[in-house]
Amino acid sequence: MDKKSRMKMIKKFVLIVLAVALGWGIYKTVIADRSVGTEVGDQAADFTLETMEGKEVSLSDYEGQPVFLNFWATWCPPCEEEMPDIQQFSDEYGEEVAVLSVNFTKFEPNKEAIPKFVESHNLTFPILMDREGKVGENLYQVISMPTSFMIDREGVIRQKRVGPLTLKDMEGWLDQVK
């Protein structure tokens, strides 16, 4: 094999390796399933919790629809601060986005305070009870409350915030996932 033929073969080999690497990169970033996690860009973990009334609700019940997911507790002043805005968001945009509110029931010292809190704030969106902390503590790794997520129609986390949100914040998040 002469030098010219060998150089052609090496160039072909390099091009094939580059094409395979490029293809693999495209596959991993665009086509492959996203990993389940708790950060922006991760696939949101599915879960099932009961409402205060005992009805089971799963995140996957809202497949194909944006979901605003909020973790809170009655003893948390910033949680209480944002509740009127979450209710207004639900009232104004409930046709476009599901609002799910997860009470960190495991950490509620007085479980009877939950329905009183909900009633006093006139909350009408689903209140899910995380009695064992499996969703907030384990799946979503919530370490401070409130913590909120905006999940798009494909189930991908698009926004995350530790701390209270305003109605304007929530509207901005919704605009990003429409």
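Trp72 and Phe117 are both buried, burial being defined as under 20% relative accessible area (exposed, over 50%; partly exposed, in between; 1.4 Å probe, protein chains only). The model is predicted, so local features need pLDDT of at least 70 and side-chain atom pairs count only at pLDDT 80 or more, whereas totals for chains, interfaces and linings use all residues. Residues are numbered from 1 along each chain as its sequence is written, and side-chain values use heavy atoms, with hydrogens and water left out.

Ten aromatic pairs were found in a search of the whole structure. Rings of Phe, Tyr and Trp (its six-membered ring) were paired if their centres lie within 6.5 Å, and planes under 30 degrees apart count as stacked, over 60 as edge-to-face and the rest as tilted. Trp72 and Phe117 form a stacked pair, at 4.8 Å centre to centre with 25 degrees between the planes. Because Trp72 lies in strand 5 (residues 67-72) and Phe117 in helix 3 (residues 113-120), this pair ties together parts that are 45 residues apart in sequence. The pair of Phe89 and Tyr93 is tilted, since the ring centres are 5.5 Å apart and the planes stand at 40 degrees. Phe89 and Tyr93 are four residues apart in helix 2 (residues 77-93) and are therefore separated by about one helical turn; both are buried. One aromatic cluster comprises Phe47, Phe71, Phe104, Phe107, Tyr140 and Phe149.

The protein contains five helices and nine strands, assigned as DSSP runs numbered from the N terminus (helices, H or I, at least four residues; strands, E, at least two). Of its 178 residues, 41% are buried.
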